[in-house]
Amino acid sequence: MAPAGAASALPLLLALLGALLPEPGDAQASVFPTEATLPRGGSVLVNCSSTCEVEAFLGLETPLTKEERDRGHNWKMFELSDVEEDSKPMCFSNCGQNQTSALISITVYRLPEHMELFPLPPWQPVGENLTLRCQVWGGAPRAQLTLVLLRGKEELSRQPAVGEPAEGTATVLAGRGDYGANFTCRAELDLRPQGLGFFQNTSAPRQLRTFVLPMTSPQLETPRILEVGTSEKVVCSMGGLFPASEARVHLALGDHRLNTTVTYNKDSLSATAWVEGTAENKGDHPLVCAIMLGNQSQESWRNLTVYSFPAPNLTLSEQEVSEGTQVEVACEASVGLGVRLSDAPAEPWAPSVQFLLNATAEDNGRHFSCSAALEVAGHVLYKNQTKELRVLYGPRLDESDCLGNWTWPEETNQKLSCQAWGNPVPQLTCLRETDRAPLPTGDLTPVKKQYEGTYLCKAESSRGAVTRKVFLTVLTAGKNVLIIVLLTAGAILGAVVVATYLYNRQRKIKIYKLLKAQEAAAMKLKTQATPP
């Protein structure tokens, strides 16, 4: 920057320079833009120019930080930076002794520095007025700054920002529908008329809480019976709560408190717990659910019976046997219980049931089920145990799974399959007898003449081996034509034979009818010739 003395001598120097220059016409200084709106700390380019006919002396007077960026005949470009507040820089032009100037109006905008919605009361009774207060610090220009109080997305009040801090208020009548509602304060800075946009800032939300506990008992869903070693879900629920999220739940079996998970909805809750049956708590016990909200509580209870029911015992003399082995299947219950066994002759419930089975290949994977029954508190309960029999048998290579003869025309699309069975699963190999080429299986697209031949298929496992021959015939195009010719000739010959037969048959029928007509005529003449 120039020293203070140099700045004060600037107008005198300009006057002397103007006196030495020729007299210009009616020259004017101009500036572009004439108005600018910047963010706090922003920058702007200002163009100062003159209509002087000769070279004019141009400058920009401002306390802001400036730097000349470019120049030309009677114009200069300045950059103003680090603009912190509103300002009106002056662009001046000395054209001879004629001095003119032009102002640019710079407006600095900034978003609010801090805003806060006052805390809401811990509990707000339904039906009473609630006053909301919001304060905002900072923000400019204030003429474009507005404070808005909202419930969710609903506007409750809209007020201009006045004072420092600016304060906005709104009064609402609290209701049940307001439980869990979020209230916020929003500051809006509208600079769209200046072509900059719409800016807004929102305070942290505060949630309203109201208080209602219905004078009804909670709904308790619990099993009436529970087996030792198992667990069951218990559900306690209640509606009409305000606020449901503030309610506390106590679930207990006798004197033992249960570990509870609570799910809250708009005005209700659902509490879930798992109760376990142990040998120590066999018998009858009260199951209690209490819901507490504020200084009130509601309670429900049910009776729960814990019982013991051992599973039946199902045994196979052997679970994996060779084909032809005799297997004993037995089902036995605990003391005092009855059982039934699947696939056994139908009999009443008995303490034990068994039968013998000669294992075959068809029995591989067969399931046996043993069932027991017990009556508890008027309920008949059942338990089952299942086991699977595994039968080991040698390879199977049947006609249904591996066809022995295949005949196809050449260049057609066919599918060839050959599958072996057994437990363990056998390994299948099919090789042509002449050159040990493998049998082509799967999709043959198309069939080739080279596939033809006699193949020996062998299925082998640890239980043995079986073989089977597969004959694959591929008809060439010539054979196909011959077959078609023969079939066509046969069809023609057949048609001729049928036509000849029908012709001769019709001829015989006509001769037969003619003879009958002649006989009838002779009989008529004979009758007429006989005297009365």
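Visitor: What is the handedness of the disulfide of Cys52 and Cys95?

Guide: Please keep in mind that this is a predicted model. The torsion about the S-S bond of Cys52 and Cys95 is about 60 degrees, so this disulfide is right-handed. The S to S distance in the link between the two cysteines is 1.8 Å.

Visitor: And where do those two sit in the chain?

Guide: They come from distant parts of the chain, 43 residues apart: Cys52 belongs to the loop between strand S3 (42-50) and strand S4 (57-61), while Cys95 belongs to strand S7 (residues 90-95).

Visitor: Are they buried or exposed?

Guide: Cys52 is buried, and Cys95 is buried as well.

Visitor: Remind me, what is a disulfide?

Guide: In general, it is a covalent bond that connects the sulfur atoms of two cysteines.

Visitor: How many disulfides are there here?

Guide: The count comes to seven disulfides. Another one of them is formed by Cys134 and Cys185, with sulfur atoms 1.8 Å apart, and since the torsion about its S-S bond is about -80 degrees, this disulfide is left-handed. Here Cys134 lies in strand S10 (residues 129-140) and Cys185 in strand S14 (residues 182-190), which puts them 51 residues apart, and both cysteines are buried.

Visitor: New topic: which residues touch the most other members of the largest nonpolar core?

Guide: Those are Leu341, Phe368 and Leu389, in a core that has 27 residues. Several strands each supply at least two residues of this core, among them strand S26 (313-316), strand S28 (326-332) and strand S32 (379-396). Its largest share, five residues, comes from S31.

Visitor: What does Leu341 touch, then?

Guide: Leaving aside residues up to four places away in sequence, Leu341 touches Leu314, Val329, Cys331, Val353, Gln354, Phe355, Ser369 and Cys370.

Conventions. Residues are numbered from 1 along each chain as its sequence is written. This is a predicted model: local features need pLDDT of at least 70, side-chain atom pairs count only at pLDDT 80 or more; totals for chains, interfaces and linings use all residues. Side-chain values use heavy atoms; hydrogens and water are left out. A nonpolar core is a set of buried Ala, Val, Leu, Ile, Met, Phe, Trp, Tyr and Cys residues joined through side-chain atoms within 4.5 Å. Buried means under 20% relative accessible area, exposed over 50%, partly exposed in between (1.4 Å probe, protein chains only). Helices (H or I, at least four residues) and strands (E, at least two) are DSSP runs, numbered from the N terminus. Contact means heavy atoms within 4.5 Å. A disulfide is a pair of cysteine sulfur atoms within 2.5 Å.
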